[in-house]
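Here's a quick briefing to read with the model open beside you. Take a look at the fold, then work through the notes below.

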Amino acid sequence: MAQWAFIEWLLLWLLEVESFAFEWDSGNSSKNAQKHKVVIREIEEVFALRTAMPLGRQVFPEMDEERLGVVGPTRDGRLLMVAFTLRKRKIRPISARPAPPITPLSGGTWTRSRATGTHGG
């Protein structure tokens, strides 16, 4: 499972950018629908609704190109985790999947369970 390091500029970018542009190609436009049952419209909604929270920059596993991550809802209330990169000021989604459930722990901390089996909507 990927590990993320929070970066403040990603939060500010999510809040301040006027509109989001996306880069879609044959590789990233169909993969998420086939593997995770997440369609392009839902991925774009995560950003357009402006309620996504940044996970940060992916630190593990290491990648050649910087990967960023957010978690946010779709219009239908489906919570998605989206990994993406920025290319020429456009969002290029790499992976989008239903976010694992969040479980409260004692002491005000939270953990995110690794999902097994199918995901509900």
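Contact here means heavy atoms within 4.5 Å, and buried means under 20% relative accessible area, with exposed over 50% and partly exposed in between (1.4 Å probe, protein chains only). Helices (H or I, at least four residues) and strands (E, at least two) are DSSP runs, numbered from the N terminus.

This is a predicted model, where local features need pLDDT of at least 70, side-chain atom pairs count only at pLDDT 80 or more, and totals for chains, interfaces and linings use all residues. Residues are numbered from 1 along each chain as its sequence is written, and side-chain values use heavy atoms, with hydrogens and water left out.

- Helix α3 covers residues 40-48 and lies across β3, β4 and β5, running at about 85° to β4. For such angles, axes are lines fitted to C-alpha atoms (for helices over the stretch in contact), and angles run from 0 to 180 degrees between N-to-C directions.
- E42 lies in helix α3, and it counts as buried because its relative accessibility is 6%.
- The side chains of E42 and R78 are joined by a polar contact of 3.0 Å. That term means a pair of N or O atoms within 3.5 Å; within protein, one must be able to donate a hydrogen and the other to accept it, and residues adjacent in sequence count only if both atoms are side-chain atoms.
- Leaving out residues up to four places away in sequence, E42 touches K37, T74, R78 and L80.

**The sheet**

- Five strands make an open sheet in the order β1-β2-β3-β4-β5, with antiparallel pairing. Two strands pair if DSSP finds at least two bridges between them.
- β1 (3-5) and β5 (90-98) stand at the edges with a single partner strand each, so one side of each has no neighbour in the sheet.
- From one strand to the next, the twist averages 40°.
- Strands β2 (residues 53-60) and β3 (residues 68-73) run antiparallel and are joined by four bridges. In this pairing, M53 stands opposite V71 in β3.
- Helix α1 (residues 8-16) packs on the sheet too, touching β2, β3, β4 (79-87) and β5, and its direction makes about 145° with that of β2.

**Aromatic rings**

- How many aromatic pairs does a search of the whole structure find? The search turns up six. Rings of Phe, Tyr and Trp (its six-membered ring) pair if their centres lie within 6.5 Å; planes under 30 degrees apart count as stacked, over 60 as edge-to-face and the rest as tilted.
- F20 and F47 make a tilted pair, at 5.6 Å centre to centre with 55° between the planes.
- F20 sits in the loop between α1 and α2 and F47 in helix α3, so this pair ties together parts that are 27 residues apart in sequence. F20 and F47 are both buried.
- F22 and W24 count as stacked because their ring centres are 6.2 Å apart and their planes are at 20°.
- F22 is buried at 17% relative accessibility, while W24 is partly exposed at 23% relative accessible area.
- W13, F20, F22, W24, F47 and F84 are linked into a cluster by ring pairs.

**The nonpolar core**

- The largest nonpolar core has 17 residues, and those with the most contacts inside it are V46, F47, V70, V82 and F84. Such a core is a set of buried Ala, Val, Leu, Ile, Met, Phe, Trp, Tyr and Cys residues joined through side-chain atoms within 4.5 Å.
- At least two residues of this core come from each of α1, α3, β3, β4 and β5.
- Not counting residues up to four places away in sequence, V82 touches I43, V46, F47, L68, G69, V70, S95 and A96.

- Most residues other than glycine have a negative phi, and most peptide bonds are trans.
- R50 is not a glycine, yet has a positive phi of about 60°. R50 is in the loop between α3 and β2, and is partly exposed with a relative accessible area of 34%.
- R89, also not a glycine, has a positive phi of about 65°. R89 is found in the loop between β4 and β5 and counts as exposed at 80% relative accessibility.
- The peptide bond from F60 to P61 is cis, with omega near -10°, and P61 is in the loop between β2 and β3.
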